Amino acid sequence: MFVDYSDHYSHFDTSIGPYNFLQYSEARWGRYNPPLHYQNRLRHPQLVALVEASGFEIVRVTPSQPSAEALQQIGQLPLAPLFEGYSPEQLAIRMAHIVLRRT
């Protein structure tokens, strides 16, 4: 599977960055995240844990490597409490390619 961890609104709204949605609480983000265009805000470590817990074997996982610019953007963002436990490197992963096998 190919996973896009970025804020999808940033793909067409150049006034926000790919990590924009990391600054909103669950309640506030709910106003911007309608069911018809739902955006999952799981971070890479969470998704990997969910995949492993669901009975799949990860054959290969290739997350993007954060650039210095991405880490700077994360460092300047007021993070919602939900994301404060992650390192900047974990938060800055924008995409991953994951190959799975059913065990």
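Phe56 stands opposite Arg102 in strand E3. The model is predicted, so local features need pLDDT of at least 70 and side-chain atom pairs count only at pLDDT 80 or more, whereas totals for chains, interfaces and linings use all residues. Residues are numbered from 1 along each chain as its sequence is written, and side-chain values use heavy atoms, with hydrogens and water left out. Helices (H or I, at least four residues) and strands (E, at least two) are DSSP runs numbered from the N terminus.

**The sheet**

- Three strands form an open, antiparallel sheet in the order E1-E3-E2, where pairing requires at least two DSSP bridges between two strands.
- E1 and E2 are the edge strands, each pairing on one side only.
- On average, neighbouring strands of this sheet are turned by 30 degrees against each other, direction ignored.
- Helix H2 (residues 44–53) packs on the sheet and touches E1, E2 and E3; its direction makes about 160 degrees with that of E2. Axes are lines fitted to C-alpha atoms, for helices over the stretch in contact, and angles run from 0 to 180 degrees between N-to-C directions.

**Strand pairs**

- Seven bridges join E2 (residues 56–63) to E3, and these strands run antiparallel.
- E1 and E3 (residues 95–102) are joined by three bridges and also run antiparallel.
- In E3, His97 stands opposite Phe2, and Met95 stands opposite Asp4.

**Ser10**

- Ser10 lies in the loop between strand E1 (2–4) and helix H1 (26–32).
- Ser10 counts as buried because its relative accessibility is 16%; buried means under 20% relative accessible area, exposed over 50%, and partly exposed in between (1.4 Å probe, protein chains only).
- Leaving aside neighbours within four places in sequence, Ser10 is in contact (heavy atoms within 4.5 Å) with Ile16, Gly17 and Pro18.
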